[in-house]
Amino acid sequence: MDKSPEWHSRATRMLLMLSMGLYIFALTQYGLLGEGGGYRQDQMGWQLLVFGFFTINEYPTWLANPVLFTAWILSFLVKHRPAAYFSVASVLLMLSALLIETVDIDPTPVVMKVTGYGIGYYSWLASAVTLLAGNTVFALQPGHKRNNP
């Protein structure tokens with residue numbers, strides 16, 4: 001396999017496109033499944049992204065988004081080692097969603113009981129895992145600069 005800078009640049013772009021593609025797909029799918037007020041209260045990925053910010057104090061899971069965005073930027077800048085660290089943080093924050101049992105649905109007084117996770121959640125998680133795997137492989141390559149912060 002050719003390890004030229006051109007190959008590395010193409011591989012980095014492909015990694016970013018795959019990760020971002022999974023993320024965009026996740027926005028169009030149900031991420032959080034639940035019931036509240038006698039009705040299904042399933043939440044789409046875009047709803048969780050837009051309104052999840054308001055729940056940071058209670059659920060830090062939403063912080064996985066800016067951490068993942070930072071990992072994307074670092075990957076684009078070919079800083080694979082720090083990008084891998086940010087990817088790990090993003091994956092851990094995303095996994096913390098599995099600990100959420102109830103969610104307040106604002107502005108209504110309805111509390112949604114989480115009953116499951118949709119394909120949107122798993123695609124969101126896959127976007128970070130993909131980025132983590134790719135950046136780890138790039139960072140561990142023999143030709144990778146050890147002094148690359």
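What follows is a briefing on the fold, the core, the aromatic groups and some individual residues.

The model is a predicted one. Its protein chain has 149 residues, of which buried residues make up 43%, and its secondary structure comes to five helices and five strands.

**Overall fold and surface**

- Read from the N terminus, the elements of the protein chain follow the order α-β-β-β-α-α-α-β-β-α.
- Among the contacts in the protein chain with a separation of 6 or more, 68% are accounted for by residues 24 or more positions apart.
- The protein chain has an accessible surface of about 8,700 Å², and carbon and sulfur atoms hold 70% of that area.

**The largest nonpolar core**

- The largest nonpolar core has 25 residues, and the members that touch the most other members are Leu68, Met94, Val103, Val114, Trp124 and Leu131.
- At least two residues of this core come from each of helix H1 (5-27), helix H3 (64-76), helix H4 (80-95), strand E5 (110-117) and helix H5 (119-140), and H5 gives the most, with six residues.
- In soluble globular proteins, nonpolar side chains tend to be buried together.
- Val103, one of the core residues that touch the most other members, is in contact with Leu32, Tyr59, Val110, Val111, Met112 and Val114 when residues up to four places away in sequence are not counted.

**Aromatic pairs and the aromatic cluster**

- Searching the whole structure gives seven aromatic pairs, one of which joins Phe53 and Trp62 in an edge-to-face arrangement, with 5.3 Å centre to centre and 75 degrees between the planes.
- Another pair, formed by Tyr117 and Tyr121, is tilted, with 5.1 Å centre to centre and 45 degrees between the planes, and both Tyr117 and Tyr121 are buried.
- Tyr117 and Tyr121 also belong to one aromatic cluster together with Tyr122 and Trp124, and Trp124 is in turn among the residues of the largest nonpolar core that touch the most other members.

**A nonpolar patch on the surface**

- Trp46, Val50, Phe51, Phe53 and Phe54 form a nonpolar patch on the surface, and together they have about 570 Å² of accessible area; Phe53 of this patch is also the partner of Trp62 in the edge-to-face pair.
- Val50, another residue of the patch, is found in helix H2, which covers residues 45-52, and Val50 counts as partly exposed because its relative accessibility is 45%.

- Ser75 lies in helix H3 and counts as buried because its relative accessibility is 0%.
- Not counting residues up to four places away in sequence, Ser75 touches Thr12, Leu16, His80, Ala83, Leu131 and Asn135, and of these Leu131 is also one of the core residues that touch the most other members.
- Val78 lies in the loop between H3 and H4, where this residue counts as partly exposed because its relative accessibility is 36%.
- The phi angle of Val78 is near 60 degrees, a positive value in a residue other than glycine. Most residues other than glycine have a negative phi.
- Phe86 is found in helix H4 and counts as partly exposed because its relative accessibility is 34%.
- Leaving out residues up to four places away in sequence, Phe86 touches Val67, Thr70, Ala71 and Leu74, while the C-alpha atoms of Phe86 and Pro66, which are 20 residues apart along the chain, are separated by 9.8 Å.

**Ala139 in helix H5**

- Ala139 is found in helix H5, and Ala139 is buried because its relative accessible area is 6%.
- The C-alpha atoms of Ala139 and Lys79 are separated by 8.4 Å, although these residues are 60 residues apart along the chain.

Definitions and conventions: Residues numbered from 1 in each chain as written. Predicted model: local features only at pLDDT ≥ 70, side-chain atom pairs only at ≥ 80, totals over all residues. Heavy atoms only, no water. Phe/Tyr/Trp six-rings, centres within 6.5 Å; stacked < 30°, edge-to-face > 60°. Buried < 20%, exposed > 50% of the residue type's maximum accessible area, 1.4 Å probe, protein only. Patch = residues over 30% accessible without salt bridge, like charges linked within 9 Å, V, L, I, M, F, W, Y side chains within 5 Å. Areas by Shrake-Rupley, 256 points an atom, 1.4 Å probe, with all protein chains shown as cover. Salt bridge = Lys/Arg side-chain N within 4 Å of Asp/Glu carboxyl O. Helix = DSSP H or I, 4+ residues; strand = E, 2+ residues; numbered from the N terminus. Core = buried A, V, L, I, M, F, W, Y, C linked by side-chain atoms within 4.5 Å. Contact = heavy atoms within 4.5 Å.
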